[in-house]
Amino acid sequence: MSRAFLVVMDSVGIGGAPDAADYANGKVPDTGANTLGHIAEACATGRAEEGRSGPLRLPALAGLGLGQALHLASGFPDPWPGAEVSGAWGAATEVSRGKDTPSGHWELAGVPVPWDWGYFPNETPAFPPELMAEVAAKAGTEGTLANCHASGTTVIAEYGEEHLRTGWPICYTSVDSVFQIAAHEEAFGLERLLRLCEDIAPTLHAMKIGRVIARPFLGSAPADFKRTAHRRDYAIAPPAPTLCDWVSAAGRPVHAVGKIGDIFSMQGIDDVTKGPDESLMADLHRLAGEAEEGSLTFANFVEFDSLYGHRRDVSGYARHLEWFDAELARLIGHLRPGDLLIVTADHGNDPTFAGTDHTRERVPVLVHGLGLDELGLMAFTDVAELAAGHLQVPRPEEGR
């Protein structure tokens, strides 16, 4: 019996989504967005030189067929035409209505989203007064702050000092189906913030808001306010059993790395490790050595998205891709014979594009452990089928 590793490079889209025109950043349709292609283009033309230099170097990913997947998805020229490919590769298209984290991950795990997500209007105030009254009551405060669409770093710079004076939680959202609460980790209290988010989550989930996110921060003034690593997401539970549940129902261990536990509300998951991407990669290497036969390890590396995509940092995104690629080469070297490794993404976040939102794109599906193969254009749900088939784990309904 062998193992499966499913690794999500959060937001590393490859363009070409057939319904991209139905999505937008502000008033700019997502048509033409291509996260990987445009980063490679910027590197090749000397427009991504901060902390790195020259063409985008991804030998491990290119060896799994990333260039071919990019060309298949969007017609973008393969940035690595001389790469010797030894993996199986394809490009996956999402059907769920959304370009957010839960939609992408649930569908990769075999369950498309059957409903339309709820969103808050891009105006101030953004939230209904009865929701704000409930947040204040559950927080034990006289009111709340912000009540708008905002960047997470900008909102704490603007409202952090007032938060320290009043103790009121900072509530904000984005174009995603999300409700976020920022609070000072020491002055307000981390456990108090987490409890507040957990308590308010059922109200938001009833509105089909996908996630309530706790955003703790530290510092005493705008210049040094900084979010900490203790973020926690309270997501709607998946609408049906996912790959994690299939594996768990078969009596196999499921290990989560990164925010996978939050995205799936810990359903079908035995344990989870959290932290910045660098420490998560160390956890993934550890699991490559320690994970049990027949187990699933499901990992998300969020900093492509959170630190570089949303901040439109092309050089930073390129640096992170090159770091990930070097670590991936090491990881492949640690895998056992018979292991399956799938590297994919959940949506795009083109740092050369308008606005700061995710972009609707196809995603790569790169597989080590199947030999050289062209998987072609695929569905997101085919990723779950690949992993389940390798582990010889049926969907629950198939085992009845």
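Author: This is a predicted model. In it, strand 14 and strand 15 run antiparallel and are joined by three bridges.

Reader: Which residue stands opposite Leu341 in strand 15?

Author: His368 is the residue opposite Leu341.

Reader: And how does strand 1 run relative to strand 14, and how many bridges join them?

Author: Strand 1 and strand 14 run parallel, with five bridges between them. Val8 stands opposite Thr344 of strand 14.

Reader: Is strand 14 buried or exposed?

Author: Five of its five residues are buried, so strand 14 is largely enclosed by the rest of the structure.

Reader: Which way do its side chains point?

Author: Leu340, Ile342 and Thr344 point one way, while Leu341 and Val343 point the other way, and all are buried. In general, side chains of a regular strand alternate between the two faces of the sheet.

Reader: Switching to charges. How many salt bridges does the count come to?

Author: The count comes to 17 salt bridges. One of them pairs Arg3 with Asp339, where the closest N and O atoms are 2.6 Å apart.

Reader: Where do Arg3 and Asp339 sit in the chain?

Author: Arg3 is in the segment before strand 1 (4-9), and Asp339 is in the loop between helix 12 (314-334) and strand 14 (340-344). The pair links distant parts of the chain, 336 residues apart.

Reader: Are Arg3 and Asp339 buried or exposed?

Author: Both Arg3 and Asp339 are buried.

Reader: What does Asp19 pair with?

Author: Asp19 forms a salt bridge with Arg360, and the closest N and O atoms are 2.9 Å apart. Asp19 lies in the loop between strand 1 and strand 2 (24-25), and Arg360 in the loop between strand 14 and strand 15 (363-368), so the pair ties together parts that are 341 residues apart in sequence.

Reader: Why do Asp19 and Arg360 count as buried?

Author: The cut-off for buried is under 20% relative accessible area. Asp19 has 18%, so Asp19 is buried. Arg360 has a relative accessibility of 3%, so Arg360 counts as buried too.

Reader: Now Arg336. Which residue does Arg336 form a salt bridge with?

Author: Arg336 pairs with Glu293, with the closest N and O atoms 2.7 Å apart. Arg336 lies in the loop between helix 12 and strand 14, and Glu293 in the loop between helix 10 (277-290) and strand 13 (296-301), so this pair ties together parts that are 43 residues apart in sequence.

Reader: What about the accessibility of Arg336 and Glu293?

Author: Arg336 counts as partly exposed at 29% relative accessibility. Glu293 is partly exposed as well, with a relative accessible area of 38%.

Technical notes: Residues numbered from 1 in each chain as written. Predicted model: local features only at pLDDT ≥ 70, side-chain atom pairs only at ≥ 80, totals over all residues. Heavy atoms only, no water. Salt bridge = Lys/Arg side-chain N within 4 Å of Asp/Glu carboxyl O. Helix = DSSP H or I, 4+ residues; strand = E, 2+ residues; numbered from the N terminus. Buried < 20%, exposed > 50% of the residue type's maximum accessible area, 1.4 Å probe, protein only. Pairing = 2+ DSSP bridges.
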